[in-house]
Amino acid sequence: MIYVDIKGNLGNQMFQYALARAIQERSGQTICLNTHFLTKYKPEYHCSLDDYILNNNVIFEDEKSLPFFVNTYRGAVRALKGLFPEQFYEFCAKFGVYIWMQEPYKKMRIRKTKNIYLVGYWQSAKYFAPIDRTIKKEFTPKQPLIEENWDLYNKIMNTESICVTIRRGDYVTNEKYKKEFFLCDNDFFLEGVKRIKEEIPNAVTFVFSDDVAWVRENVPFEGEVYYETGKDPVWEKLRLMSACKHFVISNSTFSWWAQHLSDYPDKIVYAPSKWFPDGRACDIYEDNWRYIQV
């Protein structure tokens, strides 16, 4: 069994599943998505992975009785000593700096007779690069496009659409999160749209946010602009976002997946020049991105 400690909202959950799925390709084991952390510590969150057409060999559990060495400081120490070679803990945000390995997908000690426990966020496409097409296919929502969104979807598909994702929520209301994560102010998004329109004058802006009303009042985009209602479920919102051709993304894993799931060959992606305010190393960046200084 491949046990995955599910944490965070949909963007983080997708990274966690993607690594497990890459390991499953080699081991053939069942993936167990354990949602106990969300149930106990983040009851306002929802495990949204069940809304997608995942591999058949996946189960969901809310089980607190995982082995005592999982997701604890004592467990991390034991893992470092090599006592549990099937444990994989993430200790930093940069790909390749983990227990026993430089390239986790290639060098993980996959033992078909042993359980594997994944504890971390795994925010890098490098973990699942060999099965990227599979991952994109499996991240197809189970439900069809919501009827009320067909007009917006058709506009996205038939224009040089720019997806702008403005993350507010706890990035601005929670002082701790604001200090740790907030980077992208109004000028960042306006500059990103401006740069894309300098190359593609007929581009059309499509705005997605967890606070659409605030964005309408406070971020003065020029030209033709459309706004998602803000009321769609996350799987529908992400479907609309990833249908766009170009992107101005915030430092959010939800934004990241929108641009990654897009297969438009000539897409332009503008991202913040750093992913965390403290400038810590990470491997979430993609090769085709362009950057705006923050």
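S255 sits in helix 12, which spans residues 253-261; helices here are DSSP runs of H or I with at least four residues, strands are runs of E with at least two, and both are numbered from the N terminus. The structure is a predicted model, in which local features need pLDDT of at least 70 and side-chain atom pairs count only at pLDDT 80 or more, while totals for chains, interfaces and linings use all residues. Residues are numbered from 1 along each chain as its sequence is written, and side-chain values use heavy atoms, with hydrogens and water left out.

S255 counts as buried because its relative accessibility is 2%, where buried means under 20% relative accessible area, exposed means over 50% and partly exposed lies in between (1.4 Å probe, protein chains only). Leaving aside residues up to four places away in sequence, S255 touches T165, I249 and S250, a contact being heavy atoms within 4.5 Å. With T165, the link is a polar contact between the two side chains at 2.5 Å. Such a contact is a pair of N or O atoms within 3.5 Å; within protein, one must be able to donate a hydrogen and the other to accept it, and residues adjacent in sequence count only if both atoms are side-chain atoms.

From here the sheet comes into view. Strand 6 (residues 161-166) runs parallel to strand 9 (residues 246-248), and three bridges join the two; strands pair if DSSP finds at least two bridges between them. V164 has V248 of strand 9 as its bridge partner. Both strands belong to an open, parallel sheet of six strands in the order 8-7-6-9-10-11. Its edges are strand 8 (225-227) and strand 11 (290-292), each pairing on one side only.

Helix 12 also meets helix 1 (residues 10-27), their axes coming within 7 Å and crossing at roughly 60°. Axes are lines fitted to C-alpha atoms, for helices over the stretch in contact, with angles from 0 to 180 degrees between N-to-C directions. Helix 1 contributes L10, G11, N12, M14, F15 and A18, and helix 12 contributes T253, F254, W256 and W257.

For the chain as a whole, there are 12 helices and 11 strands, and buried residues make up 52% of the 294 residues. Among contacts with a separation of 6 or more, 69% join residues 24 or more positions apart.
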